[in-house]
Amino acid sequence: MAILQEQNSKSSNPFLDQVKDDVAPAGTWVATIIDIRDQFGVVRPSFDNPQVTEVVDLTTFLFGFRDQAGQPHRIASKTMRISGNEKSNLFGFLKSALGSAPKYGWDYCEMKGKKCLITVAHEAKRNGQGAYPTIAALCPVPAGMAAGVPAAVPQQAAPVAPAPAPVDDEPLPF
């Protein structure tokens, strides 16, 4: 049974206890979607008028990756409103992660355990006291990458044929 509890902190990140104060290093990493957490019936101030409250459903993704030294890091996405609108943050996030638009009626929780490339950036805190890591971009892992390392492509020396001499009155190919 899920029990709704009043939020004590300003942060709406449900993974705050798992991420803690870990500052993930900036860069692009092969990450695994560790968990996806939905929050239903959250009461928050309306974007248009902060004096008016609205009830919304929210979701947050938790990613995990290892840096070059092998140290594990966790980073959570921004909390997004659950919406299938093409202009919504969640739709754009899923489209980036999948490489194509998600199908309506599909359960995005199926993404748990899947890998994707994330770009971690550091943004300054509003109070000016330091920075926090954020996911600046994400995309599917390219087919040529296995376990986070680009696949080695065997290089064969191809015979080089001499190029014909350019003719001055021919247009450039670019």
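The side chains of Asp-35 and Arg-37 meet in a salt bridge, with 3.5 Å between N and O; the term denotes a side-chain nitrogen of Lys or Arg within 4 Å of a carboxyl oxygen of Asp or Glu. The model is predicted, so local features need pLDDT of at least 70 and side-chain atom pairs count only at pLDDT 80 or more, while totals for chains, interfaces and linings use all residues. Residues are numbered from 1 along each chain as its sequence is written, and side-chain values use heavy atoms, leaving out hydrogens and water.

Asp-35 also forms a salt bridge with Lys-112, where the closest N and O atoms are 3.3 Å apart. Because Asp-35 lies in strand E1 (residues 27–45) and Lys-112 in the loop between H2 and E5, this pair ties together parts that are 77 residues apart in sequence. Helices (H or I, at least four residues) and strands (E, at least two) are DSSP runs, numbered from the N terminus.

Arg-44 lies in strand E1 and Glu-54 in strand E2 (residues 53–66), so the pair ties together parts 10 residues apart in sequence. The count comes to 3 salt bridges.
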